[in-house]
Amino acid sequence: MGVEPIVKLDGLAVQYGKLTAVDDLSLEVQKGGIYALLGRNGSGKSSTVRCLVGQQRPTAGRARILGFDAWKKRRRAMERVGVVPENPDVPPETTADRVERFMARVTPFWRSAKYFDRLERMHVPRKQSFARLSKGQQRQLALALALASSPRLLVLDDPTLGLDAVARRKLYEELIGELAEREMTVFLTTHDLAGVEGIADRVGIIQNGSLLVNEPIEVLKARYCRLTWAATDQVPRQRIEAGLQHLGVVGGAVVAGANEAVVEKFSEFGFDRFRQEAPVDVTRVDSLSLEEIFIALCGREPGGR
Amino acid sequence: MNATMAVMVREVAARRELFVLAAAVAVIAAIVPYLPGVEDADSVDLRTVASLTAALALGWLMAVILGAQIIGRDLADGRLGFFFARPLGALAIWAGKAAAAIVTVWLCEGIVLLPSLHGGGVYHFLMGEGIVWIAVVGFLAVPLALYFLAHAVGIMARARTAWLFLDLAGCVLFAVLAWFSVVPYLTMGARIALLVVGGSLAASLVFALAAGGAIGLAVGRIDLRRTHGALSLALWGTLALLCAAVVVYSGWLRDFGPSNFERVEVQTVAPDGRWVETIGWAEGRLDVYRRCLVSVGDKRWLALPAQPRFHSRGVQLQYSSDGSTVVWLGSATGDAPRAVWWADLGRPDPSARPTNLIVARDSALVLSAEGSRVAIHEDGTVSIYELDGERMIKAIRLPDDLGPTAIFFPSPDALRVFARTADNDQSLLMAEVDIATGEFARTSELDALAELSWIGVDAAWERLVIWKRTEPGHVPVKNLYRATDGTFVRSVNLPGFPRFLQDGRLVILNQEDRVTRLIVAPFEGGERTVHELAGREGYWFLGEVVPNEIALSRLADPLDRRQGLRVELLNVDTGEVRLIGAHLRRAFPWFQWNSGTSGVVFWYNSQPAASRLFIDQRGALVRWDPETDELLHVVGGRRKP
């Protein structure tokens, strides 16, 4: 019997009337590290997160966190889960001090000192109502609330939305610091591909509710390359295309006159087969950034919903 | 519980500004007596009224506003995720927020009421009869109901999903059901049942609203539309179940017959004594009563529409003289017109039959002697119909100078009218109406009637006595007339209230100097018979139960009224007295009245069949049977005496 994953989505589906937001989504996140779920607006990320933290009942399938059914045992599961929502939803009239008193009463593993320490470090005023804090301060407060709950799982739904570059970097640094400090698993969704590239261990890319990619970020980056070859009329386009099939060309076909292609199954063996099929002069093999991979996968289709 | 308390404390603290508002309102209420223009009023009363009114208004308003905002607005603004991201159960979140709102409202009401404590104002106010309950309902229950109502409506209005159609249909159905559930009790004037059934429906609605809100949030969580769907299903499902229970209970409350009567009262008796109109109450049915005609002999019964008790005219059944037919007005709420109903009591299976005759609420009905015709006296016009077939025979407009009027049929083709004239004298006018021609012929005008006067008539409507006292404390005058043509016969000087025997003689029960005397005097004059009932004080006259024998009653135990009456028969010719029963109560009021048709009140002297009816110790209606000389059970009574 294996170790229960921290997050387990099993055939998850969410439907809004006739609209399918999440379609048969299955994934597992093991203990430790950061899992980043990426996707365009309306791709189904937020619906997935809502199901994951037991705030929304999936139309089909189920979500489990920390071994509990997220819908049926939400209260029990949330004892060790910290959530930073897309839009911080702390009651607007409350202050950091008052919300701490509430959290101390309802959260079993609450650590006040850690909470106040974080607020102090992030320069979040404790006596000011939440509505009057800056966006960055609101996010820092939401993160402080989530982290002071001593979570085993931290769920962040687009935590850098609306933050400037400095604030984004600060937030990620905090996160990495926390990870180093204790055994915590992070499940985050984000648009901030550059930011997440440096910290995520594993990524999933969701498009139209379906998971296109779900693997360690290093593996993903090793698979995806951009090949550039010297322009030539000697080798017919059909042969180049046939050769690229061994490397899994993204997009299916090479545009006439082009001399580069993004491939998703780059390997030594495949590269040799390509060279045999299409004897072109490959001038460059570039690895891709996460953002480039994301665009290559999602950019050519209309966005989700 | 801790979680609920935590949410509640947080929510109350979040709305602490409302307590400042309540304090400001309290200050305003406190200074009301010092405002210009009210210097003459009692300051304690003024302050009390001001703070009570302000507390009530503020409480209700806050309940509506908080109900509409809490949870509904959180859902719409996407702020409920804060709570659902914590280890809090949905019910704890809902209950904590609801409790916070209600506690806030009640505390604010309490703050505003503080000025009324000064001078004991609110204490004196609460001393009023029933005021405590009104205060409990007004200050505690109504805000609670308003909160839950506003809470549900707030979610429905914000979500605006297709479930709104169910909500609208549910509202309409509930309103219709509630109306039809309480109407029977409104009609019969059963206030306790009205409160219990109406209150149960109201409580069901509040409970269903609360259950809908709680289940809605538990199922929908942060999804407003899903919350609306779950709320609607839970609300109307719960309400349907609870309403079904209330309807079943309400049906049970009203589903009983004479065999279930625990307590019974007699309203009218057919002249031949075969049918009795009773009102009965059954065990455990609150103040719900059943009005029915019961056959004395074989206990068959006929349900009659309920009517508020002590209703003036039109409620009493009107029998034909031979007891074969009875008419009455159907039930309706308020002053609405109502149908004329009738029953042929001569049939083996008599049933209540509505007619198409719709008349005003205060119309009066009179039947001809054999029951074939009915005269309806309505707004100064007498309309005569054939009862079977409802054919109008004649409509006769009575002269405008008539005051209160009584009518009866001396024959099927004629009406005799007795009326007070509308002038200052208020004489008793007698007139004959020819139904075929509609001719109204005045036959005579008798004494000027004083305000304090009574008119007695014998069973055959042939003899009349006018008893009047011109001024309070004066010796009353008693004049005798022939009721057929108004001929004056004589004045009598008899000490007491004269009644007619069936043979036309007058009888008076007089008690003076600790001696009870029964005086019997011929109508035309002549020798009086006086029977002294020595040592028998405290007699009441019940009626002539068989010719020349009258029933008298006195307390079975003078020291304990609960022991009821001893009933004795006195032979008016021989003076012989014999006991027929003890521990009985009168089945009828002190006097038997015939209200006539329109305000001329006749003291109806001789109803032998009615005079034989009593209520025994078990609360059962019993009748004295002249043939067996026994008291026979008619209907009702507790099983265990």
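This is a predicted model: local features need pLDDT of at least 70, side-chain atom pairs count only at pLDDT 80 or more; totals for chains, interfaces and linings use all residues.
I looked for the residue facing B:C292 and found B:A303, which belongs to β4(B).

Next I placed this pair in its sheet. The sheet is open and has 4 strands, in the order β1-β2-β3-β4 (chain B), with antiparallel pairing. I checked which strands stand at the edges; they are β1 (261–269) and β4 (301–304) of chain B. Each has a single partner strand, so one side of each has no neighbour in the sheet. For the twist I noted an average of 30 degrees from one strand to the next.

I then turned to chain B as a whole. I counted 12 helices and 33 strands in its secondary structure. Its radius of gyration is 33 Å, whereas the globule rule gives 26 Å for 641 residues, so chain B is more spread out than a compact globule. I noted the span of its C-alpha trace along the principal axes as about 105 × 60 × 55 Å. Of the 641 residues of chain B, 42% count as buried. Taking the contacts in chain B with a separation of 6 or more, I found that 52% join residues 24 or more positions apart.

Last, I looked up the interface. Here 20 residues of chain A are in contact with 19 residues of chain B. On the chain A side, helix α3 (residues 96–106) of chain A gives the largest share, 4 residues. I sorted that side by class and recorded 9 nonpolar, 5 polar and 6 charged residues.

Terms used. Residues are numbered from 1 along each chain as its sequence is written. Chains are lettered from A and ligands numbered from 1 in the order in which they are written. Two residues are in contact if their C-beta atoms, placed from the backbone, lie within 7 Å. Helices (H or I, at least four residues) and strands (E, at least two) are DSSP runs, numbered from the N terminus. Ala, Val, Leu, Ile, Met, Phe, Trp, Tyr, Cys and Pro count as nonpolar, Asp, Glu, Lys and Arg as charged, and the others, Gly among them, as polar. The radius of gyration is taken over C-alpha atoms; the globule rule is 2.2 Å times the number of residues to the power 0.38. A residue is buried if 20 or more other C-beta atoms lie within 10 Å of its own, exposed if 12 or fewer, and partly exposed in between; C-beta atoms are placed from the backbone. Two strands pair if DSSP finds at least two bridges between them. Axes are lines fitted to C-alpha atoms, for helices over the stretch in contact, and angles run from 0 to 180 degrees between N-to-C directions.
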